[in-house]
Amino acid sequence: LFVNTLVASRGDESGWVALEQALEVAHREHARLHGLHVVPHEQQTEHPDARAIQETFERRCSAAGVEGRLAYEVGPVQRKICERARWNDLVVTSLNYPPLPGPMSKINSGIVTLIRRCPRPVLVVPDEPSSLDHALLAYDGTPKAREALFVATYLAGRWRVPLTVVAVTEGDRDAGTAVEDAHTYLENHRVQATWVAEQRWGDESVADAILRRAAADNCDLILMGGYGMGPVVEAVIGSTVDRILRKSTRPILICR
């Protein structure tokens, strides 16, 4: 599924964390890694630091037994990543700056812009790489969540990792109805999963309930759909994606 993986490389410690996570994916997928380092000016591509970043990237890939090359682009970071993403199956990036709570902060957030515009799933790595041994799918029955269901089914079947599917009850909505089609889909693909209809407690948000379940089941990868509403609306009322990005210490795979 992820034969060609794009890694956004910053040349700093967080960028190497993203690379380590991408290497884990590459081992499982027999994938090729395409590193991308974006700079604002053409002159910076000729700087000794640029060559050092390229050499380090390719050396780490070689040491891990993975085919990997780093390229340079000049221009806006999110735009260049999205352009390159069209030629890849997955984008892996570190999370240096999670979206802040304020509406304008969300609208101007680089990671939010990337997730909204990227034509491929984005694997966001907040703190450190994960061994990807237990996946949790946050499912609400929306079209974007169904794409996450497809990816989760693939990972559970191909990678043979345990899968937890969680739906969170909101108000009078029955969370169990949201996973009925997911249950059928997984059964048809002979993939077993642990099913959880999670109840929110007090003022707990949906994101908090998802993260609580991930911690309880020792899940080290969260899969979910991307933004479901327009940027202005979600900036005002908030979104589960933003809250997960702010609070999760586990990698998050966000699907279009």
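Trainee: Which residues does L253 touch, not counting residues up to four places away in sequence?
Mentor: This is a predicted model, and in it L253 lies in strand β10, residues 252-255. Residues up to four places away in sequence are left out of the list. What remains for L253 is L90, P121, V122, L123, V151, L221, I222, L223 and M224.

Trainee: How far apart in space are L253 and L90, C-alpha to C-alpha?
Mentor: L90 is one of the residues that L253 touches. In sequence the two are 163 residues apart. In space, C-alpha to C-alpha, L253 and L90 are separated by 9.5 Å.

Trainee: Is L253 buried or exposed?
Mentor: The cut-off for buried is under 20% relative accessible area. L253 has a relative accessibility of 3%, so L253 counts as buried.

Trainee: Which side chain makes a polar contact with the side chain of E198?
Mentor: E198 is found in strand β8 and, at 7% relative accessibility, counts as buried. Leaving aside neighbours within four places in sequence, its contacts include V166, A167, V168, T169, A209 and R212. The polar contact, at 3.0 Å, is with the side chain of R213.

Trainee: How many residues apart in sequence are E198 and R213?
Mentor: The C-alpha atoms of E198 and R213 are 7.9 Å apart in space. Along the sequence, the separation of E198 and R213 is 15 residues.

Trainee: What covers the buried residues of α9?
Mentor: Helix α9 spans residues 206-216, and its buried residues are V206, A207, A209, I210, L211 and A214. A209 is also in contact with E198, a residue of strand β8. The cover over the buried residues of α9 includes β6, β7, β8, β9 and α11.

Trainee: Which residue just after α9 takes a positive phi?
Mentor: Helix α9 covers residues 206-216. Just after α9 there is a phi of about 55 degrees, and the residue that takes it is N218.

Trainee: Which side chain makes a polar contact with the side chain of S14?
Mentor: S14 lies in helix α1, residues 13-29, and is buried, with a relative accessible area of 17%. Beyond neighbours within four places in sequence, S14 is in contact with S94 and N96. The polar contact, at 2.9 Å, joins the side chain of S14 to that of N96.

Trainee: Are α1 and α2 roughly parallel or roughly antiparallel?
Mentor: Two packed helices are described by the angle between their axes and the distance between the axes. The axes of α1 and α2, residues 48-63, come within 11 Å and cross at roughly 25 degrees. That makes the pair α1 and α2 roughly parallel.

Trainee: Is the crossing of α1 and α2 left-handed or right-handed?
Mentor: From α1, the residues W16, L19, E20 and L23 meet I53, T56, F57, R60 and C61 of α2. By class, this contact has six nonpolar, one polar and two charged residues. The crossing of α1 and α2 is right-handed.

Definitions and conventions. Residues numbered from 1 in each chain as written. Predicted model: local features only at pLDDT ≥ 70, side-chain atom pairs only at ≥ 80, totals over all residues. Heavy atoms only, no water. Helix = DSSP H or I, 4+ residues; strand = E, 2+ residues; numbered from the N terminus. Buried < 20%, exposed > 50% of the residue type's maximum accessible area, 1.4 Å probe, protein only. Polar contact = N/O pair within 3.5 Å; in protein donor to acceptor, adjacent residues only side chain to side chain. Contact = heavy atoms within 4.5 Å. Axes fitted to C-alpha atoms, helices over the stretch in contact; angles between N-to-C directions. Parallel < 35°, antiparallel > 145°, perpendicular 65-115°, else oblique. Left-handed = near helix turned anticlockwise from the far one by under 90°. Nonpolar A, V, L, I, M, F, W, Y, C, P; charged D, E, K, R; others polar.
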